[in-house]
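Here are my notes on this model, point by point. Please keep the structure open while you read.

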Amino acid sequence: KFLIAPECLTSENEIKLLTAEIERLKNFGCLGVSPSLEGLRDENAKLKYRLNFLQKSLQEERSKTAKSMININSCLQEIFGAAIQAAYPDLENPPLVVTPSQQPKFGDYQCNSAMGITQILLKTKEQKVSPREIAEKISKNIPANECIEKVEIAGPGFINVHLRKDFVSKQLSSLLMNGVQPPAVGKRKKVVVDFSSPNIAKEMHVGHLRSTIIGESMCRLFEFAGYDVLRLNHLGDWGTQFGMLIAHLQDKFPDYLTVSPPIGDLQAFYKESKRRFDTEEEFKKRAYQCVVLLQSKNPDFIKAWELICDVSRKEFQKIYNCLDITLIERGESFYHEMMKDIVKEFEDKGFVQVDDGRKIVFVPGFPVPLTIMKSDGGYTYDTSDLAALKHRLCEEKADILIYVVDSGQSVHLQTVFAAGQMIGWYDPKVTRVAHAAFGVVLGEDKKKFKTRSGDTVRLIDLLEEGLKRAMDKLKDKERDKVLTAEELKAAQTSVAFGCIKYADLSHNRLNDYVFSFDKMLDDRGNTAAYLLYAFTRIRAIARLANIDEQMLRKAAREEVLILDHEKEWKLGKCILRFPEILQKILEDLLLHTLCDYLYELATTFTEFYDNCYCVEKDRQSGQIVKVNMWRLLLCEATATIMAKGFDILGIKPVQRM
């Protein structure tokens, strides 16, 4: 009863109404007039078609829901929500607090709502009731359900919940047969994620690493949960800096229109043009003229701009290929044509003030105004960010819009979002617009991460260093002696890029984090190296017992997962917490929760493996005497969840390491 998706109920009601309508049409004497039989038959056929369609989609929805992993925490919240409603029908929005228990003696989950309800009764009704009494009343009103074995009231009014073994066992079997299916999310919403966003003619540096890794992982999570995701790379590909770059291109490669210029090092090219811009007055004037000609779409200047953008694009793509990043490029230039309409819209609605020739917009609650037009008639970042916001909301029709941008941009983005709200582009109660901010990357000296010479660390150098260090680590462990050259290469890239991504994602993104190759490549503690080794070992258990995938699938259909040993029970419950972990991240966008969970799952598995024999061998001969199939199935369920967790984090495990 408590596990039916809301869409199923809506479809069921519609089916009832349509069935009644068909009955009424069969018996058309009750219509009072004598309509043409042909028209009625026509309407009847249409209704029958609609009825069949609805019944079919209801069946599909039910089978999808049946295959989905159940979010046990959400189920318990529904059950306790109904119990509180029955016990205290007059309470509006009573607190609903259900969490996993920290210790086995307190059951599997706890409902801690009684304390909050005590406060509400005291404030609103001046009734003094003890939390324990409230907990007892809630417990008596728990409706019939398939997951709770028993509840106990502890201490001042905690309700300890014990889950049914057969319920947990059934959910694990379903996971093994259907794979990791996301919990049903209802209507398919559109999510736009703005991430990575480097600048043309500048190399990607370590600062772009966080936005790229965090954004990719968020996209993977929303895609897995069934959302329609648009991954946007808001490149800095327009603006005054292109004037000096084009002027320098004309001087250095005068035949650039016919012969493709060999700009190998764009960073050096940028620095040369910047030096000339700062020191040569004549060059500076020409650079400004180039900007005007570019913005007026002169074909020769557009060609020069495209050439420069292409060189950058190729460099960025090398990094995206290494890190397995997928993006759709939609830089600032994409919004250029929309900017004059943005200025006009703010003017028409009376939001624009003129200050020293500039057009500015004050947003209530924000001290610094947005400059939407400079005194020379040019546009600014504020204008392009407003144009991008409007396009994503009104053209792309985003339900959720996430900007993965560093914390330093927080005030700017909040001002832009508030301006969009003020002018009526969106209602925050309907559309979620969020800034997923992140801190800076620090060196081991706890200062901003730089090279020895004080330059910003180039991202491509960092990735190459990661590959070198990963290979050194594998050779230290003498892996090169047991793996083929191909397996060794796969292990190297898996460890190098997996460790760099995991080191970032396992820290709360709001904090700064210290970048340390030594720490991230350590195969002890909460690192990708440890988890990748653990995963490879788990996958090897069945293989070494000569149990193939087909045998595991057959066992998943036929075997009952016995969870009698406390370590089996602990592992089974830990595996099934996966959907509630994902649900929490969809709400708060903090991916370190998933890393913490995977580490907890791996350590819980180690406890289980140390205490419960999966494969029993003869001590003398080493021959396999007995295979405990239900325990191998627990190994398989653990590996299945870990593999999906890795996939969301963008980490590629390997079969042999």
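1. Over residues 531-657 the chain is 68% helix and 6% strand. Helices (H or I, at least four residues) and strands (E, at least two) are DSSP runs, numbered from the N terminus. The UniProt annotation "domain: DALR anticodon binding", from an unreviewed entry, covers residues 531-657. UniProt positions follow the numbering used here, feature names are shortened, and annotations may be inferred rather than shown by experiment.

2. A word on the source. This is a predicted model: local features need pLDDT of at least 70, side-chain atom pairs count only at pLDDT 80 or more, and totals for chains, interfaces and linings use all residues. Residues are numbered from 1 along each chain as its sequence is written, and side-chain values use heavy atoms, with hydrogens and water left out.

3. Now the sheet. Five strands form an open sheet with parallel pairing, in the order β7-β6-β5-β11-β12. β7 (328-329) and β12 (432-435) stand at the edges with a single partner strand each, so one side of each has no neighbour in the sheet. Two strands pair if DSSP finds at least two bridges between them.

4. Strands β5 (residues 190-194) and β6 (residues 228-233) pair in the parallel sense over five bridges. Val192 has Leu230 in β6 as its bridge partner.

5. Lys284 lies in helix α10 (residues 281-295). Its relative accessibility is 27%, so Lys284 counts as partly exposed (between buried, under 20% relative accessible area, and exposed, over 50%; 1.4 Å probe, protein chains only). Lys284 and Ser273 are 11 residues apart in sequence and 9.8 Å apart in space, C-alpha to C-alpha.
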